[in-house]
Amino acid sequence: MRRRRREPGVPVPLLVPAVLAVAFLLLPLAGLVVRAPWGELGPQLTSPAVGQALRLSLVSATAATGLSLVLGVPLAWVLARSTARGRSVLRALVTVPLVLPPVVGGVALFLVLGRQGILGSWLDGTFGVTIPFTTTAVVIAETFVAMPFLVISVEGALRAADARFEDAAATLGADRWTTFRRVTLPLVAPGIAAGAVLCWARALGEFGATITFAGNFPGTTQTMPLAVYLALQQDPEAAIVLSLVLLVVSVATLLLLRDRWLSRAVR
Amino acid sequence: MSTRAVPLVLPLATALVLTGCGGSADDATAAPATTDAEGPTGTLTVFAAASLTDVFTDLGEQLEADAPGLDVQFNFAGSSALATQVTQGAPADVFASANQPQMDVVTDAGLADGEPQVFAANVLQIAVPAGNPAGVTGLADLAREELTIAVCAPQVPCGAAAEDVFAAAGVPPAPDTLEEDVRAALTKVELGEVDAALVYTTDVTSAGDAVEGIDVPEAEEAVNDYPIAPLAEAPNPEAAAAFVELVLSEEGQQALADAGFRTP
């Protein structure tokens, strides 16, 4: 099928709302940039407390994305390909964290994994392991909130992927696991990459579930969003600088990934 | 080109049970003692520290009963967030802060109408889960590494007060988490996830049976005064004055004392 040559320019009914959308999304960021006390940026960037929070944020968001990939891609496959009954109910259930206020998610995690929680009390009693107020708790809280973004993206990619390739693989004698590894995964790689980016970004900005379930302690559980929130209580200017640091680092990471890896996958 | 099947996300409506205010005692307000021929009308907007939620809600209902035609709206939040909102031009009539510095933010901006008045005070207390599983007896236990301890972050009023108390007692605390506000610290005690937290006496009172309070003698070093002021740009100054008067009246002071506040 040959694509028709595109007309130059954007139709006005699309252009106007698109410009409004850009303004709506970028003006608050511009506000941050305009009001930022730039003189403080240097000292803040080099302050050990900020470095600590930034490192913790990057490490935990990356770990949460890894965990989401390991668990979320198979889940997306089940949702997209399985023919079992109750699939739509399952899909609705796994996307609950999307609509749940994150603070409520944090309390829910306590009820399961907390010291008094259903699983947590057993972990504590049997192995002496307590999860709340540790870096592990940060990763769990972020995964809980961010994984649905990955699952939804990957499921969409799987449904959009041409099933004939998988059928062809099956007729050539490949079992479903081999087909998944050799055909399906490469086919939906761009969707997985997009989902992982969405998941990572959501995990990086996670606040509510983290501060509830993991608490807030510098070096262990204080991620950048928590540091920003607490700075806002006392010194709004410092909070603006911290927000910019988080913004710059996340945008830089995403651009770098896009150049290095995403663009190749998308092509 | 393949047709794209967009997965339908079916968000489950999550019913969140918000804590409503308890039933008001209607008969208690049957005979208003001092009311003008016609009380204030319209809408009164009160910005008040989160710790005042229960008492002020009751007082607001009382004022509404005394002045038919008046609708009292509250915005309960952390004092620093409220002070920021007031200085950013939020249309509030009254501001009640949980400490002096946040009221100073508002007065320094020239936004308070007259001198703020202290109407209550709050002291810190150790909160432990019912039954006190870790056997906490005093401030010194909050330095034990093996216990899970929550203290407010130094950026918020209860955390600033906690720092003063620990300094006065010469106890280096060993917290596992620095909570963003006092209610978050209390919640963790209620859930049994921490062995002890340093919160306000009024929070322990409001938590009921789920939480036990342990007095801290050193807390006298850091008593938090609660100032209240009508705002200079109040849309409803008459109602603002009536509310401040009610809070400072004998009735208002009794309600505060019942909730665990100290009254001047």
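This is a predicted model: local features need pLDDT of at least 70, side-chain atom pairs count only at pLDDT 80 or more; totals for chains, interfaces and linings use all residues.
Two strands count as paired if DSSP finds at least two bridges between them.

Chain B carries 8 helices and 10 strands. Of its 264 residues, 45% count as buried. Among the chain B contacts with a separation of 6 or more, 79% are between residues 24 or more positions apart.

Now zoom in on β6(B), residues 149-152. B:Ile149 and B:Val151 point one way from the strand, B:Ala150 and B:Cys152 point the other way, and all are buried. The pairings of β6(B) look like this:

| Partner strand | Residues | Sense | Bridges | Residue pair |
|---|---|---|---|---|
| β8(B) | 196-200 | parallel | 2 | B:Ile149 with B:Ala196 |
| β7(B) | 177-179 | parallel | 3 | B:Cys152 with B:Glu179 |

To get from β6(B) to β7(B), the chain goes through helix α4(B), residues 157-169, and this β-α-β crossover is right-handed.

**Chain A: a helix pair**

Two packed helices are described by the angle between their axes and the distance between the axes. Over in chain A, take α6(A) (residues 102-113) and α8(A) (residues 135-160): their axes come within 10 Å and cross at roughly 125°. The two helices are therefore oblique to each other, and α6(A) passes α8(A) in a right-handed crossing.

Which residues make the contact? On the α6(A) side they are A:Pro102, A:Gly105, A:Gly106, A:Leu109 and A:Leu113. From α8(A) come A:Ile140, A:Ala141, A:Phe144 and A:Val145.

Definitions and conventions: Residues are numbered from 1 along each chain as its sequence is written. Chains are lettered from A and ligands numbered from 1 in the order in which they are written. Helices (H or I, at least four residues) and strands (E, at least two) are DSSP runs, numbered from the N terminus. A residue is buried if 20 or more other C-beta atoms lie within 10 Å of its own, exposed if 12 or fewer, and partly exposed in between; C-beta atoms are placed from the backbone. Two residues are in contact if their C-beta atoms, placed from the backbone, lie within 7 Å. A crossover is right-handed if, with the strands pointing away from the viewer, the path from the first strand over the helix to the second runs clockwise. Axes are lines fitted to C-alpha atoms, for helices over the stretch in contact, and angles run from 0 to 180 degrees between N-to-C directions. Angles under 35 degrees count as roughly parallel, over 145 as roughly antiparallel, 65 to 115 as roughly perpendicular and the rest as oblique. A crossing is left-handed if the near helix is turned anticlockwise from the far one by less than a right angle, and right-handed if clockwise.
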